[in-house]
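This briefing covers a few packing features of the structure shown below. Please keep the sequence and the 3D view at hand while reading.

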Amino acid sequence: MARLTSDRRMQVYGALLLLPAAVLLGTFAYLPTVATLINSLFLPGFRGAAPEFVGLENYALLLEDRTFWTVARNNLFYALGTIPTSIALALGMALFVNARLPGRGLVRMAYFTPTILPMIAAANIWMFFYAPQIGLFNHLLGALGIEGPNWLGDPGVALGAVIVMTIWKEAGFFMIFYLAALQSIPPDLEEAADLEGTSRWSFFWRVTFPLLMPTTLFVLINALINAVRVVDHLFILTKGGPNNATNLLLYYVYENAFSFFDRTYAATITVVILLVLAVVATIKFRVLDRRTHYQ
Amino acid sequence: MTTPTAAAVASRRFAIRLPGLETTAAWLLAIVWIFPLLYAFWAAFHPAEFMVRFELLAPLTLDNFTDAWEQAPFARYYVNTFLLVTGIVAAQFVVCTLAGFAFARFPIPGKDALFMLVLIQLFVFPEVLIVENYRIASGLGLVDTIAGIGLPYVASAFGIFLLRQTFKTIPRELEEAARVEGCGWMAILLKVYVPLAKPTYLAYGLVSISHHWNNFLWPLVVTNSVESRPLTVGLGIFSAPETGVNWATISAATLLSIAPLLVAFLLFQRQFVQSFLRAGIR
């Protein structure tokens, strides 16, 4: 009996310890998530009128909204443009820095430094590279007698320019995970391969790369999340333009909510982002953590 | 191409020495990667006419920094960012310690389900929910306050997860020993668990500091005056193309905003990298 009551007390105590986190998570994570889902089913009430329930009408509007499709396609291209390249570069950087290299510490620092800059600061610097007449890129191209494009003003080039900057910002971050994984690979594997005369190329593809698979998946998940979550640089570089050529989903949410003041439509687009994140989360918990136990 | 035997001999003698080609590639990539930052330094410390003229003897100047400092209230932005970052990290430590401890050591009914619920926040970030979070913040009177910027991040699933994992690795015997000495749960937490989790706090603290020093979207949405704006938002407004501020001044302002974190990083590189790694499980 005494045992029971002490268990009971432990439960109450534990619940109290959880309370602050529960209140905050409830207020700023769960409540807004549910409110977003509900709001996507309403149209805003005008001049103080109650919002009007319209069922899935916002979603029908979304499907007919050509800008939404442009933005969704941009985000897909943005993900395809940034993720494989930054992962490949990160792996390359890690292999470089993991080998015996003169000035290794400096090289590693050079690769990693962009990671700790705010996206806004990075965008400021790149803004000047990309500026049409006075910008550094076009200045250097001009010296070679080439007329450079308007990097951020030409709809055909702008998204590519944003992608290049993002790769520069991300690759060094992913590198450190590859570096840690490489250092955990036992060196006798390479010695054995050396003895058998395996070429470094085939050693990489047949031993190193497969061993790095968990890291690659982990980095992939992070890169996917960042592709929908980070839009800070757009505020400086392009504001989603020209003509929505670089607009991404979360930026489109921001525009709808805080420039066009259409909160329910913004909620509807947010639901699309939440769906993407749900897919990513499922991949992570189902595939990546199959062997990880949260007990 | 060298003959296979020569290559084999060379590779055996210098076990992991890189061929020159790879060293060159590694260094070239490093130069490309650090160039934008070096360029920002160049632009910030030289008069505007040297933006694209790279002359070794170009005159150095601090005018760009004084211009930036005078044209925008960077001193105030510094104070705001400092308050924001220390406030968030302190509050996160408290809230996540309590929750992590509860998840690690207390028999709460439905604990696993609750923990999965917490982990959802690893994917649903406050900045994804800007629309509704703004409404909630304004309902609570938190718009345009530093607390309003920070509160949505305080109950961090990531912090709870990290601390729970760390607390779980601490042997129960230490706890029993403290109990024999008459310690209650709070004393056990503060005297046994927290000191042993120091590396986790360091790692989590560094990651959190860099994240919130650099965070932009939510602070942009929830602030609308100089009194609460952090550096990133101040910098974003200052350097918006339509303001027509010149590039040299913008470069100086950019360096001003990143300087403290950059210096901290250069001094404590190893700790930073280790922290990001440790935090990697996210």
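Which residues of α12(A) are buried? They are A:Leu249, A:Leu250, A:Tyr251, A:Tyr252, A:Val253, A:Tyr254, A:Asn256 and A:Ala257. The model is a predicted one.

**Helix α12 of chain A**
- Helix α12 of chain A spans residues 249–259 and is mostly covered, with eight of its eleven residues buried.

**Packing of α3 and α10 in chain A**
- Helix α3 (residues 66–98) of chain A packs against helix α10 (residues 213–229) of chain A at an angle of about 145 degrees, and the axes are 10 Å apart.
- The crossing of α3(A) and α10(A) is right-handed.
- On the α3(A) side, the contact is made by A:Asn75, A:Tyr78, A:Ala79, A:Thr82, A:Ile83, A:Ser86, A:Ile87 and A:Ala90.
- On the α10(A) side, the contact is made by A:Thr216, A:Val219, A:Leu220, A:Ala223, A:Leu224, A:Ala227 and A:Val228.
- The residues of this contact comprise eleven nonpolar, four polar and no charged.

**Contact between chains A and B**
- In this interface, 73 residues of chain A are in contact with 70 residues of chain B.
- Helix α2 (residues 20–45) of chain B supplies twelve residues, the largest share of the side of chain B that touches chain A.
- That side of chain B divides into 53 nonpolar, 13 polar and four charged residues.

Technical notes. Residues numbered from 1 in each chain as written. Chains lettered and ligands numbered in written order. Predicted model: local features only at pLDDT ≥ 70, side-chain atom pairs only at ≥ 80, totals over all residues. Axes fitted to C-alpha atoms, helices over the stretch in contact; angles between N-to-C directions. Helix = DSSP H or I, 4+ residues; strand = E, 2+ residues; numbered from the N terminus. Left-handed = near helix turned anticlockwise from the far one by under 90°. Contact = placed C-beta atoms within 7 Å. Nonpolar A, V, L, I, M, F, W, Y, C, P; charged D, E, K, R; others polar. Buried ≥ 20, exposed ≤ 12 C-beta atoms within 10 Å, placed from the backbone.
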